[in-house]
Structure formats: C-alpha cells, structure tokens
Amino acid sequence: ERPSALAKAMNFLAARSLSEKELLLKLRKAGYSDAECDSAIAECVKLHYLNDEQLTADCVDILHQRNLGARQIRQKLLRRGLDGEEISGLLESKPEEEEEAARRAMEGKLRLLSRENDPRKKREKLFRFMISRGFSPSLVFKLADEMSEQF
C-alpha cells in the first residue's frame, strides 16, 4: 500500500531540507494529488519541519562559506523556489560576509595562478573566475587593487 503524502513528505525532509516548492514538486512527481500535497505541506509547516525563511538564511550562510557571490547565491536560491525579496534582504544585510567570501575566493585562485607568469593573463583569469562565482565587478576591482602586488 502506498504511504500517505505526509509520510512521503517526511521521508523527503529526513533526507535533506527542502523549500515548499521543492517538496510540492517531489510529491506531485510521486503521484499525489494537489489536495494531498497541500495538506501534507501545511502539516509540515505547522510542525516546523518546513520553514522557507530559515532555509533561506541557512543557505545564504552556507553559500557564503563556499565563497560564492551574491549573484550566484541569489540564482541558486531562486531555483529552489525561495522568496527573492527575502534573499535580497539577507544578502544586503551582510555586505561584510560578501567581501570576506570574495577575498577568500580571490586568495585561493591567486594561489592556483602562481605559475602564470604574464600579469595580464593572470588578472584576466582571476576576473573571469570571480565574476563566474557571482561577485560584482566593482567588488572584484576593489579587491584586485588591494592585492595588486600579487600580480
């Protein structure tokens, strides 16, 4: 016999934290009706097993620790179905974390680029890397100027 939508939702949430949107998609894919899905999600929220606000805050912190920039973090969290305004608010409230993550990413990349002898190529590779990690060009320029002796 097939488990209830709530039991299935609990199994999904036991494996990893999910947003309401992610859980809804997983339950639909498992073949549950919209009414069953809505009921299971409402119960998970009521029991505090599902909390998009807390998930957003946790993910922002974790992704900053992984040296990702605000743009990359915003993209990843929007794909998970989390609230864009809440994401922006959290990112804007912690600019020092953004700068520290950028500094760590840049220092790590500079270590990897130590064999590059051409300063222009080294700078170009560093800029491409930093932009791909989601950091703003203005922050990248600022940190590159601070670390210019390493070029």
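A polar contact is a pair of N or O atoms within 3.5 Å; within protein, one must be able to donate a hydrogen and the other to accept it, and residues adjacent in sequence count only if both atoms are side-chain atoms. The model is predicted: local features need pLDDT of at least 70, side-chain atom pairs count only at pLDDT 80 or more, and totals for chains, interfaces and linings use all residues. Residues are numbered from 1 along each chain as its sequence is written, and side-chain values use heavy atoms, with hydrogens and water left out.

**Exercise 1.** Describe the surroundings of Thr-56.

Solution.
Step 1. Thr-56 belongs to helix 4, residues 52–65 (helices are DSSP runs of H or I, at least four residues, numbered from the N terminus).
Step 2. The relative accessible area of Thr-56 is 1%, so the residue is buried (buried is under 20%, exposed over 50%, partly exposed in between, with a 1.4 Å probe and protein chains only).
Step 3. The backbone oxygen of Asp-52 lies 2.8 Å from the side chain of Thr-56.
Step 4. With neighbours within four places in sequence left aside, Thr-56 touches Leu-77, Leu-82, Glu-86, Ile-87 and Leu-90 (contact means heavy atoms within 4.5 Å).

**Exercise 2.** Classify the aromatic pair in the structure.

Solution.
Step 1. There is one aromatic pair (rings of Phe, Tyr and Trp, the last by its six-membered ring, with centres within 6.5 Å; planes under 30 degrees apart are stacked, over 60 edge-to-face, the rest tilted).
Step 2. The ring centres of Phe-127 and Phe-141 are 5.0 Å apart and the planes meet at 55°, so the pair is tilted.
Step 3. Phe-127 is in helix 8 (residues 119–132) and Phe-141 in helix 9 (residues 137–146), so parts 14 residues apart in sequence are tied together.
Step 4. Phe-127 is buried at 14% relative accessible area, whereas Phe-141 is partly exposed at 45%.

**Exercise 3.** Which ring lies under Arg-2, and which under the charged end of Lys-26?

Solution.
Step 1. Arg-2 is placed over the face of Tyr-32, 3.9 Å from the ring centre (the cut-offs are NZ of Lys or CZ of Arg within 6 Å of the centre and within 35 degrees of the ring normal).
Step 2. For Lys-26 the ring is that of Phe-12, with the charged end 5.3 Å from the centre.

**Exercise 4.** How many disulfides are there?

Solution.
Step 1. The criterion is a pair of cysteine sulfur atoms within 2.5 Å.
Step 2. From the sulfur of Cys-37, the closest cysteine sulfur is in Cys-44 at 11 Å, too far for a bond.
Step 3. The count is zero disulfides.
Step 4. Cys-37 is buried at 0% relative accessibility, and Cys-44 is buried at 0%.

**Exercise 5.** Locate salt bridges that link separate parts of the chain.

Solution.
Step 1. The structure has 11 salt bridges (a side-chain nitrogen of Lys or Arg within 4 Å of a carboxyl oxygen of Asp or Glu).
Step 2. One of them joins Asp-61 and Lys-94, at 3.0 Å from N to O. Asp-61 is in helix 4 and Lys-94 in the loop between helix 6 (84–93) and helix 7 (95–112), so parts 33 residues apart in sequence are tied together. Asp-61 is partly exposed at 28%, while Lys-94 is buried at 19%.
Step 3. Lys-142 and Glu-99 form a salt bridge with their closest N and O atoms 3.0 Å apart. Lys-142 is in helix 9 and Glu-99 in helix 7, 43 residues apart.

Note on methods: Helix = DSSP H or I, 4+ residues; strand = E, 2+ residues; numbered from the N terminus.
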